[in-house]
Amino acid sequence: HLILHLLRACAVILMIIFHLYYDLSVLGIAPRDMNTTFWYYFPRLIVFLFLFSMGVSLKLAHFPVINWLKIKKRLIQLGLFAFIISTATYILFPQNWIYFGTLHCIFVGTILGLPLLRYPKLSWLLIIIIPASYLYFNIQFSDLALLKSIKSMDYIPIYPWLWVILLGQELGPLFLKMKVPENIFFRKIAICGQHSLLIYLLHQPL
C-alpha cells in the first residue's frame, strides 16, 4: 500500500532531520536545548507516525487471521536489534544508554496489540483511557528509583504509547482507503518507507 509506505517515509525523513540536529547539538555546533517547545514535540510526532503506521501494518497483515510464522520472524528480528542497540549504547554511553527505546516499544507493542485486533471495543476503550489516565496522573516510569540516574537517549515507554498503536490498528482500514497520486515522485519517496527499519538502524552511525 503506497499510502502506508509514504507515512513511514515521512517518519523516516523527519527522524533523519531530528537526529542531524541532535548530533550537531552534541558536537556543540547547534544549540543544545532539546527541551524547547519545538524540539520537545518534534521527536514525539515522529514516534507517533512510526507507531501509528505499525498499528496499521498489524491490522493489514494479521487480521482476521494472525500469520504466526511472519510474526515470529518479525519479533525475533526486532528483539535482536533492540538488544544490540541497548548493548552498544550501554558500552558507549553508560549514563544515557537506551534501555527501552523505539524498537523496544514496537516489540512489546506488537505482542500486546495482536490479541486486541479482534476486540475493537476494548481497543477503543484503551485508546481513550490510556492517554487520559497518563495526562491526569502524570505517571512517569522513568522516575523509578532504579532508573533515576539514567537519562536515556531514546525512551519510549509502552505506557502511554500503546494507545497510538491501537489507534493505528483501528483506523487502519480507513487510512488505507486514502488515495495519493501514484506517480514516480511518490513511488521514489515510498522506498524510504519500505526500508524504514534498515534506515533506522544505519542512519545514525553513518
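## Ground rules

Residues are numbered from 1 along each chain as its sequence is written, and side-chain values use heavy atoms, with hydrogens and water left out. Because the model is predicted, local features need pLDDT of at least 70 and side-chain atom pairs count only at pLDDT 80 or more, while totals for chains, interfaces and linings use all residues.

## Aromatic pairs

Let's start with the rings. Rings of Phe, Tyr and Trp (its six-membered ring) are paired when their centres lie within 6.5 Å; planes under 30 degrees apart are called stacked, over 60 edge-to-face, and the rest tilted. That rule gives 17 aromatic pairs. One of them is Phe-38 with Phe-42, a stacked pair with 5.1 Å from centre to centre and 15° between the planes. These two residues sit four apart in helix H2 (residues 37-62), so about one helical turn separates them. Helices here are DSSP runs (H or I, at least four residues), numbered from the N terminus. Phe-42 has 10% relative accessibility and therefore counts as buried; that label means under 20% relative accessible area, with exposed over 50% and partly exposed in between (1.4 Å probe, protein chains only).

Tyr-134 and Tyr-159 are edge-to-face, because their ring centres are 5.8 Å apart and their planes stand at 70°. Tyr-134 belongs to helix H5 (residues 120-137) and Tyr-159 to helix H6 (residues 158-176), so this pair ties together parts that are 25 residues apart in sequence. Both tyrosines, Tyr-134 and Tyr-159, are buried. Ring pairs also join Phe-18, Tyr-21, Tyr-22, Phe-38, Trp-39 and Phe-42 into a cluster.

## Charges over rings

A charge sits over a ring if NZ of Lys or CZ of Arg is within 6 Å of the ring centre and within 35 degrees of the ring normal. Arg-44 places its charged end over the ring of Tyr-40, 3.7 Å from the centre. Lys-59 does this over the face of Phe-63, at 4.2 Å from the ring centre.

## A nonpolar surface patch

Tyr-90, Ile-91, Leu-92, Phe-93 and Met-153 make a nonpolar surface patch of about 530 Å². Areas come from the Shrake-Rupley method with a 1.4 Å probe, and for residues only the protein chains shown count as cover. Phe-93 is found in the loop between helix H3 (68-92) and helix H4 (102-113), and its 39% relative accessibility makes Phe-93 partly exposed.

His-203, in the segment after helix H8 (196-202), is buried at 16% relative accessibility. Its side chain makes such a contact with the side chain of His-19, at 2.6 Å. Ser-53 lies in helix H2 and is buried at 1%; the Ser-53 side chain reaches the backbone oxygen of Leu-49 at 3.0 Å.

## Two cis peptide bonds

Most peptide bonds are trans. Phe-63 and Pro-64, however, are joined by a cis peptide bond with omega about 10°, and Pro-64 falls in the loop between H2 and H3. Another cis bond links Tyr-159 and Pro-160, with omega about 20°; Pro-160 is in helix H6.

Notes. Patches are made of residues with over 30% relative accessible area and no salt bridge: like charges are joined within 9 Å, nonpolar side chains (Val, Leu, Ile, Met, Phe, Trp, Tyr) within 5 Å. A salt bridge is a side-chain nitrogen of Lys or Arg within 4 Å of a carboxyl oxygen of Asp or Glu. A polar contact is a pair of N or O atoms within 3.5 Å; within protein, one must be able to donate a hydrogen and the other to accept it, and residues adjacent in sequence count only if both atoms are side-chain atoms.
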